[in-house]
Amino acid sequence: MSDELITDQHIIEEVMAETEGKSLQPTETFLPQHLTILPIQQRPVFPGLGMPLAFKGKALINAIKKAVEEQDGYVGLSLSAGPAAKEPGDEDLSEIGTIFQIARIQQHGPELIQVMGRGIARFTKKRAILVKPVLRWEVTPYPEPENVKPDQDLKAYMMAISGEIKSLLQLNPLFKEQVNLVASQLNYDAPGHTMDVISNLLSSETDALQELLETFGLHERAQLLLRLIKEELQIAQIQKRINQQIEEKVNKQQKEFFLREQLKAIKKELGLEKEEGESEIEKLQKRLEGKHLPEEARKTVEEEFEKLRTLNVQSPDFNVTRNYLETIASLPWGQYTEDSRDIRKARKVLDAEHYGLEEVKARILEFLSTVIKRGTVSGSIICLAGPPGVGKTSIGKSVAHALGREFYRFSVGGMRDEAEIKGHRRTYIGAMPGKLIQALKRTGASNPVIMLDEIDKIGSSFQGDPASALLEVLDPEQNGSFVDHYLDLPFDLSNVLFITTANQLETIPAPLLDRMEVIRLAGYITQEKVQIAKRYLLPKQLKEHGFAPKEVSISEKALEKMVNDYAREAGVRNLEQQIKKVIRKAALQLAESGQAALKVTKRNLEEFLGKPVFRSERLYNKATPGVALGLAYTAMGGATLYIEANGIPSASPGFKQTGQLGDVMKESAVIANTYIRSLLGEGRQEGGNSYFESHQVHLHVPAGATPKDGPSAGITMALALYSLATGQPVRDDIAMTGELTLTGKVLPIGGVKEKAIAARRAGIHHLILPEDNRRDFEELPAHIQEGIAVHYADYFEDVLKAAFPA
Ligand SMILES: Nc1ncnc2c1ncn2[C@@H]1O[C@H](COP(=O)(O)OP(=O)(O)OP(=O)(O)O)[C@@H](O)[C@H]1O
């Protein structure tokens, strides 16, 4: 035999076969009571199974040989409590051990011997009879009793044990071999023996196994064994799970690795060598290099880069994180354009880009000079208010030009979702930053001019209130660290110059309006429009259509006709459309006729634009009793507004009004009715007037489909009723506006400039205004006042005097 230690399974089997039958169920009388004690470590040996053991030291080797020769190979095995290296003394050894019968020995050199044999029975120590050179004890052997009939409890235990062992078998294939080996020995009629065989296979703690050995009662032993097997089973299950997990992970990793390698190889073939993720990360990092990110942002960016590196390029998370970093990289952190500080240049820019608007330009220049002086725009918000097409946007652009800043414009009209301003949180699919951050990204500067259009039409809904989000953006206290939901980092908006535009101020949320400096643009009179068309709109459109200035000319008279008959509005948007139309038609004519140039005049204008859209704003060619011309101020600018009254003779007199009137306007109508009735009532006027007592009176404000409201039609309504009742027509070249009280006092109204412009547009030469609006009118530019005679009214009598000149 070789010198190797025997571990081979078949040798152990051989030993077992050899010892089989010899002492399978020894009785006490067969077993020696004086035994050489061999100390063993790590785990006790249970009776029943054959196994190899190794011992060291000359004294032990001699004692073992002697036991084989003289004592049929019987020795005692006792578990040593001390460390393996130390030679254990009497006191270190467990007093309960196993009688072991050695069947074969094999010496490996002078110091090491290997023995093979099997456990026979338990013993307990009586006393030591020799201590040196080896231990010899007097013992009491406890062979397992034969043929005990297990009682019910024990049977149940044994079945449970066998069940658990079966489960263990399924989990642990290594275990299976051993169990198969002992399977032949499992015998439920010898429960003690069976349990010992199984105990030999357990991998429980040393102490637990020794306790099992020391348990003589079969019930208790069965209980303990069952517990230990269950523990073993649990461990086996955990092991299995861990194994599975590891296996799965390894498999997945291997697969991914394999695919990635393939991808790399393919890319290499295609010349796209670098790994996608890496090169993207590098690119992003490069873009971020020159930016002045604040500490907090820098930290976040670093964390995100860390995350990006660990992510698979194909994973959706990679995209989300990359997009986020791209947004950050595209923002103008710490990048500013330098403001031009030259106010004379600013004036030049404004003048060059706009005709007229003197007052607006003056206000803008005042504003710019304070900005230049203070060196900061923080807290200043301009609101340009006026009808469509009067140049609000283009004034905003000029402000940006004058300061040398970038310009960005977006509309907040109809906005209902706060996220449009503040962005979506990144957890949303397809999340984006809000409009403000997009504006900064687009302009590439942290101090652009941002124009918020249609602030009077901002909405609100269950998705949050965009107005309050805007408030946060515009508030100088807060916008230094504006946090967009998507960015989730503060960005400094305090250097942005905000300009808002609105058609009317009434619908702007009050907290927003409070923060803004309102500059009104009232609209243009005909002469201004003609000049704007001649100097700006026409040259611009010619250029856009690829014409030299001389190729198409439109005479001033033609322009005037265009303004009056085709584009009657407060602004010039529609006029610009008409000019485009003329130029397009002219282009066709020039191409077809081969002419070099074309002149558009008042006479041939209809060839280009068709029949006039507006004839006159006057519905009535001659003065009619019951009709008066009022002036209104709407989001579209000033407008003229007829008020009609009519009556039907009736036994049951009454009063009604129509024309989509708002609540305030309805009240005005009722007030006018009451006032005029009391004014004309019997006994008050010479001869008396009993019209209202004998008629159903109806008041109407065309056009009936347009909703109207406000108190400023008070005097007009009253005058219409007066004219109806008295049968006197109001002179046909007069228009009026003013609120009326129940006692006939005339109160001031708003929008004087817009209304004056509307009156001029309608060819009106006489205007009735409340006395308290005198200053408003007198402060208007001379060209608007020109040609208008104003009659100021303090009481309704003043209105009558102006309307029915003697
Ligand atoms: N005073 C002016 N001088 C020169 N051009 C003008 C003047 N006013 C308006 N325009 C021109 O008229 C056109 C319409 O003006 P703009 O778009 O600024 O109007 P807006 O008031 O912003 O209208 P909206 O309220 O509809 O946005 C532009 O081409 C603009 O340049």
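Ala, Val, Leu, Ile, Met, Phe, Trp, Tyr, Cys and Pro count here as nonpolar, Asp, Glu, Lys and Arg as charged, and the others, Gly among them, as polar. The model is predicted: local features need pLDDT of at least 70, side-chain atom pairs count only at pLDDT 80 or more, and totals for chains, interfaces and linings use all residues. Numbering runs from 1 along each chain as its sequence is written.

**Exercise 1.** Describe the shell around the ligand and locate it among the domains.

*Solution.*
- Step 1: 18 residues surround the ligand, Pro388, Gly391, Lys392, Thr393 and Ser394 being the closest (near means a C-beta atom, placed from the backbone, within 6 Å).
- Step 2: The shell divides into seven nonpolar, eight polar and three charged residues.
- Step 3: Helix 13 (392–403), helix 18 (526–544) and helix 20 (573–593) each give two or more residues (helices are DSSP runs of H or I, at least four residues, numbered from the N terminus).
- Step 4: The largest share, three residues, comes from helix 13.
- Step 5: Domain 3 (343–520) and domain 4 (526–609) both contribute, so the ligand lies between them; the bounds come from an automatic or database domain assignment.

**Exercise 2.** Work out whether helix 25 is enclosed or open.

*Solution.*
- Step 1: Call a residue buried if 20 or more other C-beta atoms lie within 10 Å of its own, with C-beta atoms placed from the backbone.
- Step 2: The buried residues of helix 25 include Val752, Lys753, Glu754, Arg760 and Arg761.
- Step 3: Because 10 of the 10 residues of helix 25 (residues 752–761) are buried, the helix is largely enclosed by the rest of the structure.
- Step 4: Just after helix 25, Gly763 has a positive phi of about 75°.

Conventions: Buried ≥ 20, exposed ≤ 12 C-beta atoms within 10 Å, placed from the backbone.
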